[in-house]
Amino acid sequence: MKRCLMVTGGPLDLSFGRRFLLGRTYDLVIAVDAGLAACEALGLCPDLLVGDFDTLGRERLLEYQERSGVRADVHQPEKDETDTELAFRDALEAGCVLVDMLGATGGRLDHELSNIQLLAQGRKKGLRVTIYDAFNKIFLADAELDPQVVFEREDLYGRYVSFLPVTETVKGITLTGFKYPLKEKDISILENPSLCISNEVLEEKAVLTFRSGLLLCVESRDRETGLV
């Protein structure tokens, strides 16, 4: 399966980014607008530049293109999609299935929430997108597409695993191998949205299953251990 690294324009801890990239290889690297600056700081040469470049600046874009010859998918600022949504389209057109995102959190809240919401769009279209920062690994589970989600304790991003409803109701959640197990439990944005926050994996592996809806899955580590 083709794997894509997408670096967007949000704040990115460069020391974390360097450690994250160790041992990882990608078929496609996309810099989204100001994500190009982070790529340069990390020593990454993107394969594709995407966005309206209102943040990075068109002059900087042209200068980088002249120097590197990298292809760019340039859009006007007056558009219906965010730069990240446009980058999702490019990743799909390139045949990518797995997408790791850096720089998608920690900046403007509207963009951060939009990036998280785009996980659902990507999943429905065949992309498995995961957002990473120094403290969190965020991905989406779809009851129709993901019969079960397995969490290996030794591979967890941090101590805590949380599940948040994306659809108004998520039905039939069963958690096995967790500190706080559940059996056929429904959760709702309107009634009990925080029920599945801050769980922990007790066994070698834990399993999530559910009957319907979309769940945001977040593996988190505390800030004092976030940069380990």
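Two residues are in contact here when they have heavy atoms within 4.5 Å of each other. In this predicted model, Asn 136 touches Ile 131, Tyr 157, Val 218, Glu 219 and Ser 220, leaving aside residues up to four places away in sequence. With Ser 220 there is also a polar contact, made between the two side chains at 2.8 Å. Asn 136 belongs to strand β7, which covers residues 136–142. Arg 71 is 65 residues from Asn 136 along the chain, and the C-alpha atoms of the two are separated by 31 Å.

The volume of the largest pocket is about 510 Å³. It is lined by 23 residues, of which Arg 128, Thr 130, Tyr 132, Lys 137 and Phe 139 are the closest to its centre. Sorted by class, the lining of this pocket holds twelve nonpolar, nine charged and two polar residues.

One of the residues involved is Leu 5, whose bridge partner in β5 is Asp 100. Strand β1 also pairs with strand β2 (residues 28–32), again in the parallel sense, over four bridges. Here Met 6 has Ile 30 of β2 as its bridge partner. Between β1 and β2 the chain passes through helix α1 (residues 14–21), forming a right-handed β-α-β crossover.

Terms used:
Residues are numbered from 1 along each chain as its sequence is written. This is a predicted model: local features need pLDDT of at least 70, side-chain atom pairs count only at pLDDT 80 or more; totals for chains, interfaces and linings use all residues. Side-chain values use heavy atoms; hydrogens and water are left out. Helices (H or I, at least four residues) and strands (E, at least two) are DSSP runs, numbered from the N terminus. A polar contact is a pair of N or O atoms within 3.5 Å; within protein, one must be able to donate a hydrogen and the other to accept it, and residues adjacent in sequence count only if both atoms are side-chain atoms. Two strands pair if DSSP finds at least two bridges between them. A crossover is right-handed if, with the strands pointing away from the viewer, the path from the first strand over the helix to the second runs clockwise. On a 1 Å grid over the protein atoms alone, a cavity is a set of points where a 1.4 Å probe fits but cannot get out, and a pocket is an open set with protein on both sides within 12 Å along at least five of seven lines; lining residues have an atom within 4 Å of a point. Grid points are joined across faces, edges and corners, and a volume is the space filled by probe spheres set on the points. Ala, Val, Leu, Ile, Met, Phe, Trp, Tyr, Cys and Pro count as nonpolar, Asp, Glu, Lys and Arg as charged, and the others, Gly among them, as polar.
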